[in-house]
Amino acid sequence: MTTNHIKPITGNCLCGDTTILLDTADTGEQVRTPSPFLSLSRFHILTQTCFNALSQIACHCQDCKQSSGSAFSTNVLVLQNEVTIRGPIKTYESKAPSGNIVQRIFCSKCGSPITHKSEAFGDAQAIQTGNFKQFSRVPFHSELFTKNRWSGLGEIPGARQVAAMV
Ligand SMILES: [Zn+2]
Ligand SMILES: [Zn+2]
C-alpha cells in the first residue's frame, strides 16, 4: 500500500481561540462507516496536492441547519485519530432522526461549529470546513438530505444526491 503524507492544515473558529489540526495520510483507502451513504472516498482523485483532493459533503438536514444557523452545512470526513482540536470547546448531544446520538462540538467562546461525531461515521468524524480557508476550491462529493434542501438552492454540479439517510 502506498501512503502519501498530506500536509497538515489548521483551521480556526471565529474568535481564534479554538484551532483544528487535520493531519492525515492518503492511503488510497475509503473511510469505512456503518452507513452506506457515507462510505466516501477520502481522496477524490482530482488533484495532486494537499487537501485539494479531499472531497466535501454538503448536508441539508434540519440539525445542520440549526447548528450552523444556515441552510446547510459543509463538511469533510476525517479519521478521529487524525484530528487535534485545542481550545475552549463545548459539546451538545442530540438524537438524529436515525436514532443515532450526534455530538456537536463548538467553540464555547464564539459559538463556531467545529465538528460532529455520530455512530454513523464509524472511526471518522465530520469536520465543518468553513473554518478552513483551504476548502474554498475543494469539490463536493455528495449532498445529503436533499429532501430538506431549500427551494431557492440548486444542486451542486457533480455531487451525488442523497435524499435522506436510513
Ligand atoms: Zn471561538
Ligand atoms: Zn446534517
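User: What share of the 166 residues in the protein do buried residues make up?

Analyst: Buried residues make up 32% of the 166 residues; a residue is buried if 20 or more other C-beta atoms lie within 10 Å of its own, exposed if 12 or fewer, and partly exposed in between, with C-beta atoms placed from the backbone. This is a predicted model, in which local features need pLDDT of at least 70 and side-chain atom pairs count only at pLDDT 80 or more, while totals for chains, interfaces and linings use all residues. Residues are numbered from 1 along each chain as its sequence is written, with chains lettered from A and ligands numbered from 1 in the order in which they are written.

User: How many helices and strands are there in the protein?

Analyst: The protein has one helix and 13 strands, taken as DSSP runs numbered from the N terminus (helices: H or I, at least four residues; strands: E, at least two). From the N terminus on, the order is β-β-β-β-β-α-β-β-β-β-β-β-β-β.

User: Why is Ala124 called buried?

Analyst: Ala124 has 23 other C-beta atoms within 10 Å and is therefore buried. This residue lies in strand S11. Its C-alpha atom is separated by 9.6 Å from that of Val76, 48 residues apart along the chain.

User: What makes strand S11 mostly covered?

Analyst: In S11 (residues 124-128), five of its five residues are buried. Ala124, Ala126 and Gln128 are buried on one side, and Gln125 and Ile127 on the other, so both faces are covered; in a regular strand the side chains alternate between the two faces of the sheet.

User: Which strands pair with S11?

Analyst: Strands pair if DSSP finds at least two bridges between them. Strand S6 (residues 73-79) meets this condition with five bridges to S11, in the antiparallel sense, and Asn75 stands opposite Gln128. Strand S10 (residues 113-118) also meets the condition, being joined to S11 by two bridges and running antiparallel; His116 has Ala126 as its bridge partner. S10 and S11 form a hairpin with five residues between them, and Gly122 in the turn has a positive phi of about 60°.

User: In what order do the eight strands form the open sheet?

Analyst: The order is S8-S9-S10-S11-S6-S5-S12-S13, with mixed pairing. Strand S8 (89-95) and strand S13 (160-162) are the edge strands, since each pairs on one side only.

User: Which residues have the most contacts inside the largest nonpolar core?

Analyst: They are Cys59, Leu77, Val78 and Ile127, in a core of 21 residues. Such a core is a set of buried Ala, Val, Leu, Ile, Met, Phe, Trp, Tyr and Cys residues joined through C-beta atoms within 7 Å. Contact likewise requires C-beta atoms, placed from the backbone, within 7 Å. Leaving aside neighbours within four places in sequence, Ile127 is in contact with residues including Ile20, Leu22 and Val83.

User: Why is Thr24 called buried?

Analyst: Thr24 has 20 other C-beta atoms within 10 Å and is therefore buried. This residue is found in the loop between S3 and strand S4 (25-26). Its C-alpha atom and that of Glu82, 58 residues apart along the chain, are separated by 5.5 Å.

Conventions:
Two residues are in contact if their C-beta atoms, placed from the backbone, lie within 7 Å.
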